[in-house]
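Colleague: I'd like to go through this one with you and hear what each label rests on. Can you put it up?

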Amino acid sequence: MSRLAHSVHRVRPGAAALTTATAVLAACAVQWAPAAVAARAPAGGSAPAGASTLSAGWTEPWGISFLPGGKRALVTERHSSTVWLQGRDGSKKKVGAVPNTVNGTAGAGVGNGGLLGVAPSPTWNGTTDRDVFFVHTAAEGTRVVKMRFDGTSLSGYTVVLGGIRRGGDHNGGRIAFGPDGYLYVTTGDAREGALAQDRNSLNGKILRITRTGAAAPGNPFGNRVYSLGHRNPQGLAWDARGRLWESEIGADTWDELNLIQPGADYGWPACEGGCSAAGMTNPKAVWKPGDGGVPAQLAVVDNSVYASTLRGERLWRLPINADGRSVGRLTAFYNGAYGKLRALAKVPGTNELWLGTDRNGYQLDKILKVTVR
């Protein structure tokens, strides 16, 4: 088993049995994976028409988030703690680093954290609003922090939310502003599965907070928790109707695509994949880790969810069905063509994705431009 498989998939005791429906879905997810890049659009809409290199010289880009206007994006590099400004014309400029970032080691107690997600304020303009938010691992745990970005360089450093435990690679780390203007943050279970079921813990959750780190109004439990029962969620994306989709790295059996509802429990650690336990919400799709799985991040284009994968080394397309609450046939693209894939974002105003390769070596990663037609 690869080092990555060991770091993100761990055996857990007492795995619940899958329901018949979920088992069928899981089997289909494996059977649908083609051996090569798809040549034409599958039924149900558009699909990637091709990938080209937007920029090179990267070392493990983790997060991509566009500034308002959609012409430039901020990109984080995980282990260098560096933040870059990437232009749609291919230009690339270092704008600073996030201080107090501690990567740790690959050991079970510390883990391979680093600088993770990034989210500019939706009203960022570089003058009256210069706020940009990050997630990173520090010595004592995982933090949500705020810095100032004037369009040229980063400055300042304010902890918005601390107290999130870190552990191994179970750090979550995706951060994004939702259509409601509040900040959504994914957190891992820090290798303590019970935390995912504790409504008073920040771990194993999707959090919904204000820009000051307070609980957002209307949260289901009156605290920062929006949903619970997550193991290592790293993908968030909203579709055109404002529904929130999430991708989650499981243990040794199933990875998940979930449709998130406020207050819902997604099962971990009692369930991995689907199960019949009372009160648990089952995923909309699952992957076997060794058969195209370990989903990293999500984006939505033309009513389809796209998922980048690490161990799977491919980009999955999952069309959203007419009911808006389920997905159709899974189709894989770029199987093994670029290695592990992580950072993923839709380019505003166009049917295009930016897709980052991962762990190809020092300055050997790329950000790819993927056209969807």
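Modeller: Helices (H or I, at least four residues) and strands (E, at least two) are DSSP runs, numbered from the N terminus. By that count the protein has two helices and 24 strands. This is a predicted model, where local features need pLDDT of at least 70, side-chain atom pairs count only at pLDDT 80 or more, and totals for chains, interfaces and linings use all residues. Residues are numbered from 1 along each chain as its sequence is written, and side-chain values use heavy atoms, with hydrogens and water left out.

Colleague: Where does Thr210 sit, then?

Modeller: In the loop between β12 (205-209) and β13 (225-228).

Colleague: Why is Thr210 called buried?

Modeller: Buried means under 20% relative accessible area, exposed over 50%, and partly exposed in between (1.4 Å probe, protein chains only). Thr210 has 17% relative accessibility, so it counts as buried. Across the 373 residues of the protein, 57% get that label.

Colleague: What makes Thr210 and Thr212 a polar contact?

Modeller: The term needs a pair of N or O atoms within 3.5 Å; within protein, one must be able to donate a hydrogen and the other to accept it, and residues adjacent in sequence count only if both atoms are side-chain atoms. The two side chains pair up at 2.9 Å.

Colleague: Which residues does Thr210 touch, leaving out those up to four places away in sequence?

Modeller: Tyr182, Ala215, Ala216 and Pro217. Contact here means heavy atoms within 4.5 Å.

Colleague: And Leu161, buried or exposed?

Modeller: Buried, because its relative accessible area is 4%. Leu161 is in strand β9 (residues 154-164), and its contacts beyond four places in sequence include Val144, Leu207 and Ile209. Leu161 and Ile209 are 48 residues apart along the chain, with 9.1 Å between their C-alpha atoms.

Colleague: What makes something a pocket rather than a cavity?

Modeller: Both come from a 1 Å grid over the protein atoms alone. A cavity is a set of points where a 1.4 Å probe fits but cannot get out; a pocket is an open set with protein on both sides within 12 Å along at least five of seven lines. Lining residues have an atom within 4 Å of a point. The largest pocket is lined by 28 residues, with Ser65, Arg174, Ala176, Phe177 and Trp238 nearest its centre. Among the elements giving two or more residues to that lining are β2 (61-66), β10 (175-177) and β14 (233-238).

Colleague: Which residues line the largest cavity?

Modeller: Arg231, Glu248, Ile249, Gly250, Trp254, Glu256, Tyr266, Trp268, Cys271 and Glu272.

Colleague: What is the omega between Trp268 and Pro269?

Modeller: About 5 degrees, and the peptide bond joining them is cis. Pro269 lies in the loop between β16 (255-260) and β17 (285-287). Most residues other than glycine have a negative phi, and most peptide bonds are trans.

Colleague: Which phi value does Asn100 have?

Modeller: A positive one, near 65 degrees, in a residue other than glycine. Asn100 is in the loop between β5 (92-97) and β6. Arg359 also has a positive phi, near 65 degrees, and its loop runs between β23 (352-358) and β24 (365-372).

Colleague: Why is Arg359 called partly exposed?

Modeller: Because its relative accessibility is 22%, Arg359 counts as partly exposed. Asn100 gets that label because its relative accessible area is 45%.
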